[in-house]
Amino acid sequence: YPFIHFNEERRVYQMIPETNEASDVRVYETAEEKFPFGWALKHKPLPGVKFVDTAAVWHSDRFWIYTTQLKDGPLSGMKWTMRLYHTKDLSDSWIEHPKSPILVSDDKIGRSAGRPVVHGDSIYRFAQDGTNFHDRGVSVLRTVVLTK
């Protein structure tokens, strides 16, 4: 992290850095000609809640955003809650999927371990094993069907 994406239509770079200590998710943008400098806050799609490892993947005409919600308290021994959102543009409103949260209190696969990728018609999300804080192992999870 941070998650960085180039928006070809608007010709801007978009970045989602780790901002859980600020209790929100933030989207920053910079013009193509200013990259990697010139970042400005563009949007706070998820204010007032602590999230970590927020990353998006473009699939089926929209971004699918995986993010892990933190609960109050120390990180060690914490159970992770994975939430799923979608949007056409990262700087627009994010819509929570009706089945979200998709994982609750799951310290084995409830926290992402990098950027999701698309291969064929499937999305692959990497998950870190947080049973002993983190870095215990990584799993690869395949999403076959994803609808609004």
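Student: Arg26 and Asp24: buried or exposed?
Tutor: Arg26 is buried, and Asp24 is buried too. Buried means under 20% relative accessible area, exposed means over 50%, and partly exposed is in between (1.4 Å probe, protein chains only).

Student: What do the side chains of Arg26 and Asp24 do?
Tutor: They form a salt bridge, with 2.9 Å from N to O. A salt bridge needs a side-chain nitrogen of Lys or Arg within 4 Å of a carboxyl oxygen of Asp or Glu.

Student: What kind of model is this?
Tutor: It is a predicted model: local features need pLDDT of at least 70, side-chain atom pairs count only at pLDDT 80 or more, and totals for chains, interfaces and linings use all residues. Residues are numbered from 1 along each chain as its sequence is written, and side-chain values use heavy atoms, leaving out hydrogens and water.

Student: What pLDDT does the protein average?
Tutor: The average is 88, and 91% of the residues score at least 70. pLDDT is the predictor's confidence in each residue, from 0 to 100.

Student: Where is confidence lowest, and where highest?
Tutor: Strand E9 (residues 111-112) is lowest, with a mean of 82. Strand E2 (residues 12-16) is highest, at 97. The labels come from DSSP runs numbered from the N terminus: strands (E) have at least two residues, helices (H or I) at least four.

Student: Back to salt bridges. How many are in the whole structure?
Tutor: A search finds eight. Glu29 and Arg10 make one, and their closest N and O atoms are 2.6 Å apart. That pair links distant parts of the chain. Glu29 is in strand E3, while Arg10 is in the loop between E1 and E2, 19 residues apart.

Student: Why does Glu29 count as buried?
Tutor: Because its relative accessibility is 10%. Arg10 is at 30%, so Arg10 counts as partly exposed.

Student: Which residues are linked in a network of salt bridges?
Tutor: Arg10, Glu29 and Asp89.

Student: Which side chain meets Arg83?
Tutor: Glu96 does, in a salt bridge at 2.7 Å, N to O. Arg83 is in strand E7 (residues 81-87) and Glu96 is in strand E8 (residues 95-96), so the bridge ties together parts 13 residues apart in sequence. Arg83 counts as buried because its relative accessibility is 17%. Glu96 has a relative accessible area of 31%, so Glu96 is partly exposed.

Student: New topic: Asn7. Where does Asn7 lie?
Tutor: In strand E1 (residues 3-7). Asn7 counts as buried because its relative accessibility is 8%. Its side chain reaches the backbone nitrogen of Arg10 at 2.9 Å.

Student: Which residues does Asn7 touch?
Tutor: Val12, Gln14 and Asp89, leaving out residues up to four places away in sequence. Contact means heavy atoms within 4.5 Å.

Student: Sheets next. What order do the strands of the open sheet have?
Tutor: The four strands run E1-E2-E3-E4, with antiparallel pairing. E1 and E4 (40-47) are the edge strands, each pairing on one side only. Two strands pair if DSSP finds at least two bridges between them.

Student: How many bridges do E3 and E4 pair over?
Tutor: Five, in the antiparallel sense, with E3 covering residues 24-31. Glu29 stands opposite Ala40 in E4.

Student: What is the phi of Asp53?
Tutor: Near 55 degrees, a positive value in a residue other than glycine. Most residues other than glycine have a negative phi, and most peptide bonds are trans. Asp53 lies in E5. Asp53 is buried, with a relative accessible area of 4%.

Student: What about Ser60? What phi does Ser60 take?
Tutor: A positive one, near 55 degrees. Ser60 belongs to the hairpin of E5 and E6, which has two residues between the strands.

Student: Last one. Which residues does a cis peptide bond join?
Tutor: Phe35 and Pro36, with omega about 15 degrees. Pro36 is in the loop between E3 and E4. The bond from Ser100 to Pro101 is cis as well, with omega near 5 degrees. Pro101 is in the loop between E8 and E9.

Technical notes: Polar contact = N/O pair within 3.5 Å; in protein donor to acceptor, adjacent residues only side chain to side chain.
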